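Welcome, and please take a moment to look over the sequence and the model below. The report that follows walks through the chain one topic at a time.

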Amino acid sequence: MADSGAQLWAYVVSDEPVTGLLAQLRERLPAYMVPAHVQVLPQLPLTANGKLDRRALPAPVCLDSADRYQAPQGELAQRIAQVWQDVLKREQIGAQDNFFELGGDSIISIQVVSRARQAGIRFTPRDLFEHQTVQSLARVAQTGDTAILIDQGPVSGPLRLLPIQQMFFEAPIPARHHWNQSVLLAPQRPLQAALLEQALQALVNHHDALRLVFTRTPRAGVPSIEPCNRPRGCCGVNRPTPKPNAWRSTNVPSAAWTYATAPCCAVYY
């Protein structure tokens, strides 16, 4: 545990420079297993039984000195350094400080990318792995509003089967429509069916996969996504019994439900 937060700290007995040890570890270990710091000792403390005496290990001491600090050059590099300082909880980060030697790892790199995007700076986790210092990362990072815009509107039309879907439809399964998942929820208060259906319709309009149907062919099913707001909606609220708020699984028309004639979800209330 270092002052900047939880980090992996290594104690070694070696005549090899620390930079060389870290380089060898990065070749053999994933990033999250590489120590943030390596502290060289003349010998490891041992107990009377010859085992490592963890309590006798010296407290972690950061060997970074002020004279090694180089201020980031340029506005972009300074902004990137500020992002690193916020995520890594460091008071000061120099232009040539290595992200992973400061305690960064693959998980933290995603946090850095996200925090940088909020600040209007764009780079990928791969960029961070390939350019591990502030100054080198500033050379490939981009700013401005040139991000690629992806259409997030509803999708409809034919699709190709996923491998697991193809296996399912090619397998000789009797009463295939019975292979579905159901969940029973008990509302704490009476629900208004019209509002419930409106909310569910908005849900399936947003999530295209909930509008999937499969047309049966001699070999397998052909998937397609139905358009939004089709008659009855893709997630209709039906009452299988005349009694309100009553559920009877035997009254749910499961046998009448098929992958080709019904949507992938239905609600009974």
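## The chain as a whole

Of the 269 residues in the chain, 32% are buried, where buried means under 20% relative accessible area, exposed means over 50%, and partly exposed lies in between (1.4 Å probe, protein chains only). The model is a predicted one, in which local features need pLDDT of at least 70, side-chain atom pairs count only at pLDDT 80 or more, and totals for chains, interfaces and linings use all residues. Residues are numbered from 1 along each chain as its sequence is written, and side-chain values use heavy atoms, with hydrogens and water left out.

The chain contains seven helices and nine strands; these are DSSP runs numbered from the N terminus, with helices being H or I of at least four residues and strands E of at least two. A contact is a case of heavy atoms within 4.5 Å. Among contacts with a separation of 6 or more, 64% are between residues 24 or more positions apart. The chain exposes about 18,200 Å², and 55% of that comes from carbon and sulfur atoms; the areas are calculated by the Shrake-Rupley method with a 1.4 Å probe, and for residues only the protein chains shown count as cover.

## The nonpolar cores

Let us go inside. A nonpolar core is a set of buried Ala, Val, Leu, Ile, Met, Phe, Trp, Tyr and Cys residues joined through side-chain atoms within 4.5 Å. The largest one here has 22 residues, and Ile 80, Trp 84, Leu 88, Phe 99, Val 112, Phe 123 and Val 134 have the most contacts inside it. Helix 2 (75–88), helix 3 (106–118) and helix 5 (134–140) are the elements that give two or more residues to this core. Helix 2 gives the most, with seven residues. A second, separate core has five residues, including Ala 10, Leu 21, Val 34 and Val 38.

## Aromatic rings

The structure holds five aromatic pairs. Rings of Phe, Tyr and Trp (its six-membered ring) pair if their centres lie within 6.5 Å; planes under 30 degrees apart count as stacked, over 60 as edge-to-face and the rest as tilted. One of the pairs is Phe 169 with Phe 214, which is tilted, at 5.0 Å centre to centre with 35° between the planes. Phe 169 belongs to helix 6 (residues 163–170) and Phe 214 to strand 6 (residues 212–216), so this pair ties together parts that are 45 residues apart in sequence. Both Phe 169 and Phe 214 are buried.

## Residues in the loops

Asn 98 sits in the loop between helix 2 and helix 3 and is buried, at a relative accessible area of 15%. The side chains of Asn 98 and Gln 132 are joined by a polar contact of 2.9 Å. Such a contact is a pair of N or O atoms within 3.5 Å; within protein, one must be able to donate a hydrogen and the other to accept it, and residues adjacent in sequence count only if both atoms are side-chain atoms. Apart from residues up to four places away in sequence, Asn 98 touches Arg 26, Gln 132 and Thr 133.

Ala 141 lies in the loop between helix 5 and strand 4 (142–143) and is buried, with 10% relative accessibility. Beyond residues up to four places away in sequence, Ala 141 touches Leu 76, Ile 80, Ile 121, Arg 122 and Phe 123. In the loop between strand 2 (37–40) and helix 2 you will find Gly 74, which is partly exposed at 40% relative accessibility.

## Charged pairs

Side chains of opposite charge can pair when their charged atoms come close. How many salt bridges does a search of the whole structure find? There are two, each being a side-chain nitrogen of Lys or Arg within 4 Å of a carboxyl oxygen of Asp or Glu. Arg 28 and Glu 27 meet in one of them, at 3.9 Å from N to O, and both Arg 28 and Glu 27 are exposed.

Glu 130 also forms a salt bridge, with Arg 126, and their closest N and O atoms are 2.9 Å apart. Glu 130 and Arg 126 are four residues apart in helix 4 (residues 125–130), so about one helical turn separates them. Glu 130 is partly exposed, with a relative accessible area of 47%, while Arg 126 is exposed at 61%.
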